[in-house]
Protein chains: 2
Amino acid sequence: MAREHTPKFRRAPPALRREALIEATLSCLRKYGHDGLSVRRIGAEAGVSPGLINHHFPSISALVAAAYEALALSLIRSIRQHAREAGAGPRERLRRFYEASFAPALLDPALFNTWLVFWSMISHDTGMRTVHDSTYAAYRAALESLLGELQGTAGVPRFRLRPAAIALSALLDGLWIEASINSRAFEPADAVALCEDWTNALCAGAFPSLLLARRPPRRAGRKRRPPATTA
Amino acid sequence: MAREHTPKFRRAPPALRREALIEATLSCLRKYGHDGLSVRRIGAEAGVSPGLINHHFPSISALVAAAYEALALSLIRSIRQHAREAGAGPRERLRRFYEASFAPALLDPALFNTWLVFWSMISHDTGMRTVHDSTYAAYRAALESLLGELQGTAGVPRFRLRPAAIALSALLDGLWIEASINSRAFEPADAVALCEDWTNALCAGAFPSLLLARRPPRRAGRKRRPPATTA
DNA sequence: GCTCTTGTTGTACGACTGTATAGCAGCGCA
DNA sequence: TGCGCTGCTATACAGTCGTACAACAAGAGC
C-alpha cells in the first residue's frame, strides 16, 4: 500500500488566491444576489474554507469592494476596447460603444443584480464609495474622450464636454436598467438606436443646455440659463 | 390608589395596522437600507411586537411588496398631480412633470437606497415582480398620456408613443440615479434642462427611431428598423 | 359586569451571519 | 531528509434572522 497522500488543500500565492476569491464573490453575487455575500458561500464557491477570506481580506466588505473594482474596470475596458477596434471615425466609435453597452453579456439580469448590490453599499461603506467614485470617473472619462473626438468633426457645434458625458451616461444607464429589469420592454437594437438619435441630435445642436456659449453673456439673475450663442 | 390600569397595547383594525406596518417598513428601509428589512426592526419602528408582522402578513416579503406598491403609487400620484396642476398646455405639464421628478424629496439618497432594495428583490420574488410590472405600467402610462397630448400640438410630428415613453422613462431614471448616487454631479435644474432639451428635440423630429412613418416604404432588408405601420 | 372574539405578546426554535483564534499541514529550503 | 514559514482549516463565539405557537388581554357586545 503506497503512500497515496492526497493533500487536503493546495497553497497558493496571496495574489492568486485573492483573485480567485474575487472571482468567487462575483459568481456568488450573480447566483444569489445579496444573499450570496457570505463568507461561507463565497468560500464554498472558491473551494476554500470560510476563514480564509478573513485571512486575505480585513473584512468581507473589503472583498466586495475589490470585486466591485475588478468587475467595473473589466467592463469599462471591454466596452472601450470594442469601441476602439477598427480605426473608424469618432462617430463610428461611439456607435460601437453603444453596441457594446447593450451586448447580450451586458444585459444579463444576473449582472444587473450584482450591480444593485454594489450600488446599495455605496452610501454605507466608504470603501465602496471610493471604488465607485474612481470607476465612475474612468467611465465618464471614456465617454468624454469619445465625445471630445466628436467635437473635432466638421459641422458639430462646441458643447460642454463633462455635462454631455454625464447626460449620455445617464441615458445609457437608464436604458440598461430598463432592459435589465424588463427584458421584453425593448430590443438592444432599440436602445442603440435611441443613443444614436441622441448623439445625432447633439451634433445637430438640438440640446441648447449642453451647448458651449462662445461669449457667455455675463448677466446675473437669469431665469433659466444663458442661451447658447454658438452658431 | 385608583385603578390606573395602563393597557399594555392597543388594538387596531387590521387595515390600519397593516398601513402602519407598511409605513414602518418604509421608514426602516430609509434608515438602514437592506438591513432594515427585519421583523424585529420593523416591529420596533412601529412600536409593536415582531410577531405581529406574521399575523398580518403571510411573510415578510409580502409586507415588502405591499410597501413597494404603496411607495410607488404614492410617488406616481404625487408627480402626476404636480404636473396636472394649473391648466396649462401639454408642454408646460411635461416641464412640471420633470420638475417634480427632480424635487429635493425625490433626490433623497435614502429614497434611492429604498428603491435599490425593491429592485434587487424583483428577480427573486414573484410578488415583487408583480408589483413592479403594475406600477411601472402605471408610470409609463402617465408618460404616454402626457406625450400623447403633446402630439396634438401644432408642428409636432407623429411619433411612436410607447417607445417614446420608454425612452423618456429611461432618461428620467438615469438622471435620477446619477443625481442620487453622486449628488454633486449636477443640479436638479440641469436634469430638468436635459429633459426639456430631449422633449424639444422630440418635437423637432430629431429622433428618427421614434418617428412614425406616415407611408411606410415596404421594402425588406432595411438596415435599421422597419418603420412602424400603425396609424 | 361578564363573556367571547381576536389582536397582540413573548418565547422557543433551527439556521444563519462575520470575526477571532488555535492548531494543522503544504511545500520551499537547507 | 527534516526544519520552518505561513497559507489554511476548523472551531468557538455572540449575534441576528424568520417563523411558529401558546398564552395573554383589550375591548366590543350582551
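Biologist: Which helices of chain A and chain B each supply at least two residues of the surface near DNA strand C?

Modeller: This is a predicted model. In chain A they are α2 (39-45) and α3 (51-56), and in chain B α1 (14-32) and α3 (51-56).

Biologist: Now a helix. How many residues has α9 of chain A, and how far does it reach?

Modeller: Helix α9(A), residues 188-203, has 16 residues and reaches 23 Å from first C-alpha to last, close to the 22 Å expected. Just after α9(A), A:G205 takes a positive phi of about 75 degrees.

Biologist: How do I read the buried side of a helix?

Modeller: An α-helix has 3.6 residues a turn, so residues three or four places apart point the same way. In α9(A) the buried residues include A:A191, A:L194, A:C195, A:W198 and A:L202.

Biologist: What do the buried residues of α9(A) pack against?

Modeller: They pack against α5 (90-101) and α8 (161-181) of chain A, and also against α8 (161-181) and α9 (188-203) of chain B.

Biologist: Which residues have the most contacts inside the largest nonpolar core?

Modeller: A:L171 and B:L171, in a core of 71 residues. Beyond its neighbours within four places in sequence, A:L171 is in contact with A:C195 and A:W198, and with B:A170, B:L171 and B:G174 across in chain B. Another core, of 51 residues, lies apart from the largest one and has A:I42, A:A65, A:A67 and B:Y68 among its residues.

Methods:
Residues numbered from 1 in each chain as written. Chains lettered and ligands numbered in written order. Predicted model: local features only at pLDDT ≥ 70, side-chain atom pairs only at ≥ 80, totals over all residues. Helix = DSSP H or I, 4+ residues; strand = E, 2+ residues; numbered from the N terminus. Expected span 1.5 Å × (residues − 1). Buried ≥ 20, exposed ≤ 12 C-beta atoms within 10 Å, placed from the backbone. Contact = placed C-beta atoms within 7 Å. Core = buried A, V, L, I, M, F, W, Y, C linked by C-beta atoms within 7 Å.
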